[in-house]
Amino acid sequence: MCGIVAYIGPKEAYPILVKGLKRLEYRGYDSAGIALIQNNEIRLVKQKGKVSDLELLASETSVVGSIGIGHTRWATHGEPNQVNAHPHLNSDESIAVIHNGIIENYAALKEELQKRGYIFKSDTDTEVLVHLIDEILKIEKCSLKDAVRLALNEVSGAYAIAVISLKEPNTMIGARKGSPLILGIGENEFFIASDATPVVEYTKKVIYLKDEEMVELNRDGSFEILTIHNEAISPKIQELELKLEMIEKGGYEHFMLKEIFEQPKSIFDSIRGRIDSNEGTIKLGGLEEYKTRILNAKRIIIVSCGTSWHAGLLAEYLFEDLARVNVEVEYASEFRYRNPVIDSDDIVIAISQSGETADTLAAIEMAKQKGCLILGVCNVVGSSIPRASHAGCYTHAGPEIGVASTKAFTAQVSVLTLMALWIAERKGTMTPSEIKQILIELENIPSKIEKTLENSVDQIKDIAKKFYESRNFLYLGRGYNFPAALEGALKLKEISYIHAEGYPAAEMKHGPIALIDEEMPVVVLANNDSIHEKIINNIQEVVARKGQVIAITTANDVEINKLAKHIIEVPETVECLSPILASVPLQLLSYYIALMRGCNVDQPRNLAKSVTVE
Ligand code: G6P
């Protein structure tokens, strides 16, 4: 939800800011803007639309200066137009602010400021910040740092901000609470950004600011970190592991396609060093410290959103089937407001690619207060959810930039499988040979995905060509493949804007069957598993109503070959891992359909990758 980037140093800021904003566009792309200090003035350029639209506008004017801030927006308060785009300035245009998050008490603050004569130009919550800082500067006659600090003490809600002022043209202030902020430290230059992607090519030295921390950056290369309560903080500088090539397209037309093709590696990286398939053992260092508590838990509650929720639903099948633990899967947004019955013995697993999803973060804070042990399954190292968790297991999928999640999902499922097996091994709910068989199969998943990618692309393109103008799609699956059907439908609607519904195949007869006619494509996940016969019956039900079946099957499935018009084959594996393999062709199908419909695959309308607002 909104990306922010800022620079102070000897270089020209504009190219650094624009490049950074492009990398952060996955966080929002409703509007973009930059502000630089240029010849004792704040030079402001902002535009509705993408960063490329901002560039066009900027090319008509002069944007020079070596201190500047930039923002790409996902609208919350106020429609996505030029006026509401960040940065926001105070009335005499001497202060500029960019903000990611929501100032929850903005309405009350705005009313007060208006009473005191402040005139607001935009409908945003952010604009209160810049006027508040302006007022404090005038009344207190203090430094910019103190004015920002005092202003932040008056706001509630979430923020990551960067502030510049003409009164201190060699200083920049950053601060965060609830929204991420990273500080990059170069040679006499500094960067502020929502994540490491705008920083990585300039420096590997970073500091992850914590909630209620702020930083003053000076052009002479000095900086100071403190809390908004004015306590000094000694900085902990970390080395970035991110590499530039990880966040570039590497020859692919879209990040999404690159990320689909990266899955053999992202799964391999996520299980590497955690398995001994000869011995049939699993090593998850992150869980060891809490072993007794985890093994004695009567219940696991999984909280997550979006695609991560689908991984959570799959984990319910995994944990119950393999580790014999009771599992409840919750939409974080519902869980946190529902007054759920939570026991201090419960274990809460928070699944999140970004590690920043506001609802998931709030859900775990609530469970923590009730005494639960919180385990995070996240992809972004050092993000808020792992930091708020007691322990957990990272997925090592690498940066995921396409807004629709692909490789993060399959990495989550792989890691959750390991967690279920880790418990099963220690609780003795499976025999060593059963565990060993799944581990061997898990190690084979990367090569099986490679095979699927090699064999199925042309065929999937043909199917996409036939159905890309459809108005609806139905996705059906049973057992382990029901969550994968939901995820397949979500992928299609996210990037192609076709209405798609995922359903348990046997539930179809209680409603969706009424939708089926010769126009309706029905994607059926029909792997060769313990309920294969049942899914064949469901396919029969679709065929009898002239639905167009697209079946995901294992090789040479004679019966399904007879029934389904369109077949995509995936390699055979054990039942609990089959949804990983089935997900890959579904990702490709939605990718090619979206492409044929001319949609923006990597940045679908209205969505954002990192949802830091509730
Ligand atoms: C957004 C993204 C989805 C993602 C969801 C949860 O909606 O567009 O791709 O699944 O947030 O995000 P998380 O980072 O918590 O997995």
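These are my notebook entries on a predicted model of one protein chain.

**Ground rules**

I number residues from 1 along each chain as its sequence is written, and I leave hydrogens and water out of side-chain values, which use heavy atoms.

**Entry: overall dimensions**

I looked up the radius of gyration, taken over C-alpha atoms, with a globule rule of 2.2 Å times the number of residues to the power 0.38. For 614 residues a compact globule would come near 25 Å, and the chain has 25 Å, so the two agree. I also noted the box filled by the C-alpha atoms, which is roughly 80 × 55 × 45 Å along the principal axes.

**Entry: secondary structure and domains**

I counted 19 helices and 26 strands in the chain. Both are DSSP runs numbered from the N terminus, helices being H or I of at least four residues and strands E of at least two. The domain assignment gives domain 1 (3-246), domain 2 (252-430) and domain 3 (453-603); such bounds come from an automatic or database assignment. Over C-alpha atoms, I find 45 Å between the centres of domain 1 and domain 3.

**Entry: burial, contacts, surface and charge**

I classed residues as buried under 20% relative accessible area, exposed over 50% and partly exposed in between (1.4 Å probe, protein chains only). Buried residues are 62% of the 614 in the chain. Taking a contact as heavy atoms within 4.5 Å, I considered pairs at least 6 apart in sequence, and 72% of these contacts join residues at least 24 apart.

The chain exposes about 23400 Å², of which carbon and sulfur atoms supply 48%. These areas come from the Shrake-Rupley method with a 1.4 Å probe, and for residues only the protein chains shown count as cover.

I then compared the mean positions of 65 positive and 84 negative charges and found them 0 Å apart. Lys and Arg count as positive, Asp and Glu as negative, with His and the chain ends not counted. I placed each charge at NZ of Lys, CZ of Arg, CG of Asp or CD of Glu.

**Entry: S590**

I located S590 in helix α19, residues 578-596. S590 counts as buried because its relative accessibility is 0%. Leaving out residues up to four places away in sequence, S590 touches M256, K491, L492 and I495.

**Entry: E201**

I found E201 in the loop between β10 and β11 (205-208). At 28% relative accessibility, E201 is partly exposed. Residues up to four places away aside, E201 touches K19, R23 and L244. I also checked E201 against S496: they are 295 residues apart in sequence and 33 Å apart in space, C-alpha to C-alpha.

**Entry: backbone details**

I noted a cis peptide bond from H86 to P87, with omega near -5 degrees. P87 sits in the loop between β4 (67-73) and β5 (88-89).

I also looked up two asparagines with positive phi. N188 has phi near 55 degrees and lies in the loop between β9 (182-185) and β10 (190-193). Its relative accessibility is 47%, so N188 counts as partly exposed. N230 has phi near 70 degrees and belongs to the loop between β13 (223-227) and β14 (238-239). I recorded N230 as partly exposed too, at 45% relative accessibility.
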